[in-house]
Amino acid sequence: MTAFFSSLGRTVLAGFVLVLVLIAATGTLGRMGEHAWWAFVMRWLHIMSGILWVGLLYYFNFVQTPSMPKIPDEQKPAVGKVIAPTALFWFRWAALATVVLGLMLAGMKGKGYVVNALTFTPGTVAIGIGMWLALIMAFNGGFIIWPNQKKALGIVTVSPEEKAAAAKLAGLVSRVNTMLSVPMLFCMVAQQNGGL
């Protein structure tokens, strides 16, 4: 059992196998041809990727950043050279997956739904706000946080002054994304559950 769970890949694969077992056990295999079933699957994948994205955002802001000053200088390279680059890799791909799956899910709602949501057409205001906030967060992550994190982590060589400025900017924009995540998640839930 320990050997099995020592592999992240096997563990995640087993989770997906359990989902297939649940689908088979509940008799929903016959619904696989239905649009509603695929919309459900798309929503589930969107939520899974969103949990990874926002979970890592919260990890950086609630755990890693506040802990760094407490770590002895000789141990900081372990975080900066090993943990942070790996977490940022998953963070970037989870953000992209969340945005793409979210747009695909919205597109499955029918012709023009994405445009209606992004232009705040009545009936789509909450999800439209959530979508815009998510797009801003994804832009911040890909075009501000990541390029500056590469400098801060030494992936891109810059002067010590540029490195410090890049770390400060990446941290500030990450905090902006943390703030935006709260209303973004509220809007996503509100649209489906009548909260707005």
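Guide: The crossing of helix 3 and helix 4 is left-handed (the near helix is turned anticlockwise from the far one by less than a right angle; clockwise would be right-handed). By class, the residues in this contact are 23 nonpolar, six polar and one charged (Ala, Val, Leu, Ile, Met, Phe, Trp, Tyr, Cys and Pro count as nonpolar, Asp, Glu, Lys and Arg as charged, and the others, Gly among them, as polar). The two axes come within 8 Å and cross at roughly 150° (axes are lines fitted to C-alpha atoms, for helices over the stretch in contact, with angles from 0 to 180 degrees between N-to-C directions).

This is a predicted model, in which local features need pLDDT of at least 70, side-chain atom pairs count only at pLDDT 80 or more, and totals for chains, interfaces and linings use all residues. Residues are numbered from 1 along each chain as its sequence is written, and side-chain values use heavy atoms, leaving out hydrogens and water.

The protein chain contains seven helices and zero strands (DSSP runs numbered from the N terminus: helices are H or I of at least four residues, strands E of at least two). Its C-alpha atoms fill a box of roughly 60 × 50 × 25 Å along the principal axes.

Helix 3 itself covers residues 35–67, and at 1.5 Å a residue its 33 residues should span 48 Å (1.5 Å times one less than the number of residues). The C-alpha atoms at its ends are 46 Å apart, which agrees. Helix 3 also has a kink of about 35°, centred on phenylalanine 60 (the angle between axes fitted to the seven residues ending there and the seven starting there).

Another partner of helix 3 is helix 7, residues 160–193, which packs against helix 3 at about 150° with the axes 10 Å apart. The two are therefore roughly antiparallel (over 145 degrees; under 35 is roughly parallel, 65 to 115 roughly perpendicular and the rest oblique). This crossing of helix 3 and helix 7 is left-handed. Among the residues of helix 3 that meet helix 7 are Arg43, Tyr58 and Phe62, and the residues they and their neighbours meet include Arg175, Met184 and Gln192 (contact means heavy atoms within 4.5 Å). This contact has eight nonpolar, eight polar and two charged residues.

Helix 4, residues 76–107, packs in turn with helix 6, residues 125–152, at about 155° and with axes 10 Å apart. That makes helix 4 roughly antiparallel to helix 6, and their crossing is left-handed. In helix 4, Leu88, Phe91 and Arg92 are among the residues in this contact, and in helix 6 they include Met131 and Trp146. The contact comprises ten nonpolar residues, two polar and one charged.

Helix 6 bends by about 40° at isoleucine 145, and proline 147 follows within four residues. After helix 6 comes glycine 154, with a positive phi near 85°.
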